[in-house]
Amino acid sequence: MKTSKLLSVVLSVLIALVVLTGSIAVPLLCRSFYYAHIGPMGLEGYGLSRAEIETAYNEMMDFCLGRREEFSAGVLAFSQSGADHFADVRGLFLLDLWVLRASLAALLAVLVTVWNRDQMVTIIMKTFLLVGGLAALDFDRAFVIFHSLFFPGKDNWIFDWHTDPIILFLPQDFFRSCAILILALLLVWCAALIAADLWAGKGEKRP
């Protein structure tokens, strides 16, 4: 059954939002991903035990995900500027999860009534690959651009480890790993969407 062009666009946008926000949500919610980096990145070399590092990370993430109202990072001290930055991060994290829930609900509602096979899926994949590829080529620059876009006019994301030692346990290499994970998830989802698109196309050609 053919659907209107507008519905095709809406469906494509919803799929893109679900795939993007869902991929971002994985490293936010899967704390074992961070735990797995503690040893390889030598984070215990800064004077905290593994248990203390995990507690600091958990308290920070609980705040960023809206599970606690006051910022804390275990036994680590922090400045007001550092706490303010994590408050900004909290807004972005909660926005991602809200968009994920809303777009997923809307997508399911649309799919209940219609299934659309559209070339916009390929466009979405190419867009994700372009953004991910640029980040992979020069992650340091992409890291700066990201903060400039999402925290305009602020420099409190530039931490001094003397006043905010939490930054020692959140090295840039960890964020690079998060970016790689998100890109890998995007590729998996896009491959699954294209496979479903091809499968549906073959089904339509059968007598």
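Visitor: Which residues does Tyr57 touch, leaving out those up to four places away in sequence?
Guide: This is a predicted model, to be clear. In it, Tyr57 touches Pro27, Arg31, Tyr34, Tyr35, Leu170 and Phe174, with residues up to four places away in sequence left out.

Visitor: Take Arg31 from that list. Which helix is Arg31 found in?
Guide: Arg31 sits in helix α2.

Visitor: And is Arg31 buried or exposed?
Guide: Buried. Its relative accessibility is 14%, so Arg31 falls under the 20% cut-off.

Visitor: What joins the side chains of Arg31 and Asp62?
Guide: A polar contact of 2.7 Å links those two side chains.

Visitor: What else does Arg31 touch, again not counting residues up to four places away?
Guide: Besides Asp62, Arg31 touches Tyr57, Asn58, Met61, Leu65 and Arg67 on that count.

Visitor: OK, zoom out to the helices. At what angle do α2 and α3 pack?
Guide: About 145 degrees, with the axes 11 Å apart; α2 covers residues 31–38 and α3 covers residues 50–64. The crossing of α2 past α3 is right-handed.

Visitor: Which residues make that contact?
Guide: From α2 you get Arg31, Tyr34, Tyr35, Ala36 and Ile38. From α3 come Arg50, Ile53, Glu54, Tyr57, Asn58, Met61 and Asp62.

Visitor: How does the contact of α2 with α3 split by class?
Guide: Seven nonpolar residues, one polar and four charged.

Visitor: Switching to the core. Which residues of the largest nonpolar core touch the most other members?
Guide: Tyr34, Tyr57, Met60, Phe86 and Ile166, out of 40 residues in that core. As a general point, nonpolar side chains tend to be buried together in soluble globular proteins.

Visitor: Which elements give two or more residues to this core?
Guide: α1 (5–29), α2, α3, α4 (80–113) and α7 (172–205). α4 gives the most, with eight residues.

Visitor: Last topic, the whole chain. How many helices and strands are there?
Guide: Seven helices and zero strands.

Visitor: How much of the chain counts as buried?
Guide: 38% of its 207 residues.

Visitor: And what share of the contacts with a separation of 6 or more comes from residues 24 or more positions apart?
Guide: Those pairs account for 76% of such contacts in the chain.

Key. Residues are numbered from 1 along each chain as its sequence is written. This is a predicted model: local features need pLDDT of at least 70, side-chain atom pairs count only at pLDDT 80 or more; totals for chains, interfaces and linings use all residues. Side-chain values use heavy atoms; hydrogens and water are left out. Axes are lines fitted to C-alpha atoms, for helices over the stretch in contact, and angles run from 0 to 180 degrees between N-to-C directions. Helices (H or I, at least four residues) and strands (E, at least two) are DSSP runs, numbered from the N terminus. A crossing is left-handed if the near helix is turned anticlockwise from the far one by less than a right angle, and right-handed if clockwise. Contact means heavy atoms within 4.5 Å. Ala, Val, Leu, Ile, Met, Phe, Trp, Tyr, Cys and Pro count as nonpolar, Asp, Glu, Lys and Arg as charged, and the others, Gly among them, as polar. A nonpolar core is a set of buried Ala, Val, Leu, Ile, Met, Phe, Trp, Tyr and Cys residues joined through side-chain atoms within 4.5 Å. Buried means under 20% relative accessible area, exposed over 50%, partly exposed in between (1.4 Å probe, protein chains only). A polar contact is a pair of N or O atoms within 3.5 Å; within protein, one must be able to donate a hydrogen and the other to accept it, and residues adjacent in sequence count only if both atoms are side-chain atoms.
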